[in-house]
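Q: Please pick one part of this structure and take a close look at it. Start with the whole chain, then go in.

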Amino acid sequence: MKYLSYKVKEDLQTRKFLKGLGFSKRSIEQILKEGYLINDKKVYKSQKLKASDLVKIPIPEEDIDYEPIAGKIKIAYEDDNTLVINKDPGITINSKGQVSLANLLAYYFKEKNIKAKIRFVNRLDMSTSGLLIVAKNKFAQGYYQDLIEKNLMEKKYLALVEGRLDIDREVRIKVAYDGENKKYKVADEGKVARTIFKTRDILDKNSIIECRILTGKTHQIRLSLSSLGHPIVGDRLYGSEIDTERFYLHSYYLKFKSFYEGKNIAIKDIYDFKGFIS
C-alpha cells in the first residue's frame, strides 16, 4: 500500500488540515469515510490533530481500466502522482473502437507497475496536439480539477488562423450545444466562455495566435476564433475552408503547483506552424 505522508505543524482538525493541503472537498470526504492513519493508527472522521502528528493517506491499488496497447508517448513531466503528456495530433483521448491515448497510457502504467486507473485532468480534441495532464490517483485528480475550477492553473494554446488578425484582449462569448449540427454555437442561453487572445505573428495569409483560456468550455477557442471571423486553419466544423489533415491548434504551455510536493511547474512546448502557410 502506498501512502501520502504529512507532518502536522499545528493543532487543528483533520478536515481543515486536508483543506490547507489542497485536497478537494470530495477527496476530503472520501478520506474521512474510508479511513486514514494518525501515527500509524487507523481512524475515521475528522479528528483533533496535534503538532508533530504524522498523517498518512492510503492510496488504494486499482486495476488499469483500459486495454494496454504498446505505442509511443511523449512525457513532458512526471512525478509519483502526476504525468504530463505531449499528445500527437490524430489520436483521440479515449474513444472506443480505435487505439486511443488511454490505451497507450495503460501500457505505460503496466510496464512501470503503476496500479491506477487512467485519469485525464484536461482533454484535447483528436486534431489538437500538445500538453495534457494525467493524474495517477483520485486525490491528485481532484486537486488538479480544483485548480482548474479556481483558475489557478495557467493553460495556453497556439492557433494558426485564417487571415491577418491583430488582437490583444479578452473575448467573451456564450457557448451552447447545437444538437442538430453536432457542434457548439454562440447563443444567449449559453454559458460564458472567456479567452485571452494575443497575436504572436502575422504571416501573409494567416496569423499565429496565443490563446489563454480562463474558463473550461468545450471548443471555446475554436468557436471564439470563428466568431471573430478567423477560424483555425483546417477546422472545417467551425468555418475553415481549407482542407488539411488536422486543424492547427496546439496546447503549448502549462503552469501549476504540483500535487503533494507543491512544486511550481511550468512546461512549454512551442509548435512551429510556419511549416504550413496557405
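**A helix and its surroundings**

A: The protein chain has an accessible surface of about 14800 Å², and carbon and sulfur atoms account for 44% of that area. Areas come from the Shrake-Rupley method with a 1.4 Å probe; for residues, only the protein chains shown count as cover. This is a predicted model: local features need pLDDT of at least 70, side-chain atom pairs count only at pLDDT 80 or more, and totals for chains, interfaces and linings use all residues. Residues are numbered from 1 along each chain as its sequence is written, and side-chain values use heavy atoms, leaving out hydrogens and water.

The C-alpha atoms fill a box of roughly 65 × 40 × 35 Å along the principal axes. Five helices and 17 strands make up the secondary structure. These are DSSP runs numbered from the N terminus: helices are H or I with at least four residues, strands E with at least two. Of the 278 residues, 51% are buried. Buried means under 20% relative accessible area, exposed over 50%, partly exposed in between (1.4 Å probe, protein chains only). Contact means heavy atoms within 4.5 Å. Among contacts between residues at least 6 apart in sequence, 64% join residues at least 24 apart.

Now the part itself: helix H3, residues 101–111. Eight of its 11 residues are buried, so H3 is largely enclosed by the rest of the structure. The buried set is Leu101, Ala102, Asn103, Leu104, Leu105, Ala106, Tyr108 and Phe109. An α-helix has 3.6 residues a turn, so residues three or four places apart point the same way.

What does this helix pack against? Its buried residues meet four strands: E7 (75–78), E8 (82–87), E9 (119–120) and E10 (129–135). After H3 comes Asn113, with a positive phi near 60°.

Positive phi turns up elsewhere too. Asp40, in the loop between strands E3 (36–38) and E4 (41–43), has phi near 70°, positive in a residue other than glycine. At 54% relative accessibility, Asp40 is exposed. Ser52 is not a glycine either, yet its phi is about 85°. Ser52 sits in the loop between strands E5 (48–49) and E6 (54–59).

One further loop residue is Ser258, between strands E16 (249–257) and E17 (264–268). Ser258 is buried, because its relative accessible area is 1%. Leaving aside residues up to four places away in sequence, Ser258 touches Tyr77, Asp79, Tyr143, Tyr144, Lys263 and Ile265.
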